[in-house]
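Student: Hey, can we walk through this one together? I'd like to start with the loops.

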Amino acid sequence: MGVRNLLGGAPKSKHLQRKIGTPYKLPPALDSTSEPPSVFDGTTRLYISYMCPYAQRVWIARNCKVPALEHNNEVIGESLDLIKYIDTNFEGPALLPNDPAKREFAEELLSYTSDFMSGVIDSIKGDTDVGAPFDYLEAALSKFSDGPFFLGEFSLVDIAYAPHIERYQPLLLDLKNYNIDITTGRPKLASWIEELNKIPGYAQTKRDPAELVASLKKRILGM
């Protein structure tokens, strides 16, 4: 299961809410020797692994809305469902536009996330060309011209892909049989990464690239 940690908050009053994206000291990681958290006391809690890209999606979404997650005692475990749930049920800037065409494209891109990840990982394992999944993203980023993100404005789609690009970019630079920059020849993807790094709610969740590469090499290639 890996090391987990607990992020908490108490959004009972807007005046008590932390300014979104404001840096703060992350809680220490929990392991098998840690004392279990106390019984739920009314504060909000988000349990994640700092190294997990799926948990990072939810962390980013929470940071971009309000510092809260638990709602009406309902627990949701799938990351794409969770980020949609956060967008629907909590105050803050909308993470999906009202434009029907953009919402339809959002669902298409969210559905592609599994194919994107498997395409990259299968290529790495098979030592074959890894370009196609990134070419797909480059084309997707060209669909709307009203901003640098997938739907023009920052959205759940960007949140869904951000953790994986954060990991695959340094990994493919590190692997000797690839040693490629995924942004070469992909100006839209390069601009997307640059603008994404300016989003405080995402920047707060980023990990050390060397740590991410070591984890992926062990998990994917057994290195």
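Student: Where is Asn179?
Tutor: Asn179 sits in the loop between α5 and α6. Keep in mind that this is a predicted model.

Student: Is Asn179 buried or exposed?
Tutor: Asn179 is exposed, because its relative accessible area is 54% and the cut-off for exposed is over 50%.

Student: What about the phi of Asn179?
Tutor: Phi is positive there, about 50°, although Asn179 is not a glycine. Most residues other than glycine have a negative phi.

Student: Which loop holds Asp127?
Tutor: Asp127 lies in the loop between α3 and α4. Its phi is positive too, near 55°. Asp127 counts as partly exposed, at 47% relative accessibility.

Student: Now the helices. At what angle do α5 and α6 pack?
Tutor: The angle is about 105°, and the axes are 11 Å apart. So α5 is roughly perpendicular to α6, since 65 to 115 degrees counts that way.

Student: Which residues make that contact?
Tutor: From α5, Asp158, Tyr161, Ala162, Ile165 and Gln169. From α6, Trp192, Ile193 and Leu196. Six of these residues are nonpolar, one is polar and one is charged.

Student: New topic. Where is Leu110, and is Leu110 buried or exposed?
Tutor: Leu110 is in helix α3. Leu110 is buried, with a relative accessible area of 5%.

Student: What is Leu110 in contact with, leaving aside neighbours within four places in sequence?
Tutor: Leu80, Lys84, Leu156, Val157 and Ala160. Take Val157: Leu110 and Val157 are 47 residues apart in sequence, but 6.2 Å apart in space, C-alpha to C-alpha.

Notes
Residues are numbered from 1 along each chain as its sequence is written. This is a predicted model: local features need pLDDT of at least 70, side-chain atom pairs count only at pLDDT 80 or more; totals for chains, interfaces and linings use all residues. Side-chain values use heavy atoms; hydrogens and water are left out. Axes are lines fitted to C-alpha atoms, for helices over the stretch in contact, and angles run from 0 to 180 degrees between N-to-C directions. Helices (H or I, at least four residues) and strands (E, at least two) are DSSP runs, numbered from the N terminus. Angles under 35 degrees count as roughly parallel, over 145 as roughly antiparallel, 65 to 115 as roughly perpendicular and the rest as oblique. Contact means heavy atoms within 4.5 Å. Ala, Val, Leu, Ile, Met, Phe, Trp, Tyr, Cys and Pro count as nonpolar, Asp, Glu, Lys and Arg as charged, and the others, Gly among them, as polar. Buried means under 20% relative accessible area, exposed over 50%, partly exposed in between (1.4 Å probe, protein chains only).
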